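Good morning, everyone, and thank you for making time for this. Before I start talking, please take a moment to look at the sequence and the model on the screen.

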Amino acid sequence: MDLFDQEDKRLSLKPVKEFADLVRNAFGDGRCTCVLCRDGGAGPAPKKPQHTLDLDGTLVCRRFAITAYSDVRGALSKAWESYYKTTLPDQGLVDMDAITVLVGDDALPRLLLLLLEAGVVAKNDEQELLFAAES
Ligand SMILES: [Zn+2]
């Protein structure tokens with residue numbers, strides 16, 4: 001039996017695909033053009049949460065409608081459960097390699113940005129990634 005065949009099948013599970021789609025669609029191209037960010041808006045662009053972000057040197061805008069903590073944490077835990085047949089940890093160190101398997105290596109920069117911006121993971125003082133509770 002070929003291990004890679006097995007893995008490919010698990011990647012086509014619906015929750016895994018939905019999480020990969022979320023990661024792919026979480027950010028739009030270019031600066032945020034919402035009313036808060038547009039020139040002549042109601043003041044300076046909000047700093048936190050950030051609307052416009054730097055993704056490997058390219059400016060992207062976060063799609064807030066689909067990237068709340070509960071959206072991202074929910075989609076990740078469903079994908080995790082169907083792929084690994086175990087519950088996503090609530091706390092502790094994040095196994096980024098294991099999460100990256102769900103979306104593919106090329107999506108890693110987006111994945112990391114999404115998990116941090118949605119507050120699903122946070123960096124500690126040692127720059128390690130830990131699962132975070134909703135703030
Ligand atoms: Zn904005």
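Two remarks on the source come before anything else. What you see is a predicted model, in which local features need a pLDDT of at least 70 and side-chain atom pairs count only at pLDDT 80 or more, while totals for chains, interfaces and linings use all residues. Residues are numbered from 1 along each chain as its sequence is written.

Let me begin with the layout. The protein has 5 helices and 5 strands, where helices (H or I, at least four residues) and strands (E, at least two) are DSSP runs numbered from the N terminus. If you read along the sequence, these elements follow the pattern α-α-β-β-β-α-α-α-β-β. Of the 135 residues in the protein, 21% are buried; a residue is called buried if 20 or more other C-beta atoms lie within 10 Å of its own, exposed if 12 or fewer do, and partly exposed in between, with the C-beta atoms placed from the backbone.

Strand 1 pairs with strand 3 (residues 58-62) in the antiparallel sense over 3 bridges, and the bridge partner of F27 in strand 3 is R62.

Next, how do helix 2 and helix 3 pack? Helix 2 (residues 14-25) and helix 3 (residues 69-84) meet at an angle of about 145°, with their axes 8 Å apart. On the helix 2 side the contact includes P15 and F19, and on the helix 3 side it includes V72, A75 and L76. The residues of this contact divide into 9 nonpolar, 1 polar and 2 charged, where Ala, Val, Leu, Ile, Met, Phe, Trp, Tyr, Cys and Pro count as nonpolar, Asp, Glu, Lys and Arg as charged, and the others, Gly among them, as polar.

A75 touches E18, F19 and L22, not counting residues up to four places away in sequence. The C-alpha atoms of A75 and F19 are separated by 5.3 Å, although these residues are 56 residues apart along the chain.

Which residues have the most contacts inside the largest nonpolar core? They are F19, V72, L76 and L114, in a core of 24 residues; such a core is a set of buried Ala, Val, Leu, Ile, Met, Phe, Trp, Tyr and Cys residues joined through C-beta atoms within 7 Å. Helix 2, helix 3, helix 4 (96-103) and helix 5 each give two or more residues to this core, and helix 3 gives the most, with 5 residues. L114 touches V23, A26, T67 and V72, again leaving out residues up to four places away in sequence. In helix 5 the buried residues are L111, L113, L114 and L115.

Finally, some backbone angles. Most residues other than glycine have a negative phi, and most peptide bonds are trans. K85, in the loop between helix 3 and helix 4, has a positive phi near 55°, and K85 counts as exposed because it has 8 C-beta neighbours inside 10 Å. Q127 lies in the loop between strand 4 and strand 5 (129-131) and has a positive phi of about 65°, although Q127 is not a glycine.

Note on methods. Axes fitted to C-alpha atoms, helices over the stretch in contact; angles between N-to-C directions. Contact = placed C-beta atoms within 7 Å. Pairing = 2+ DSSP bridges.
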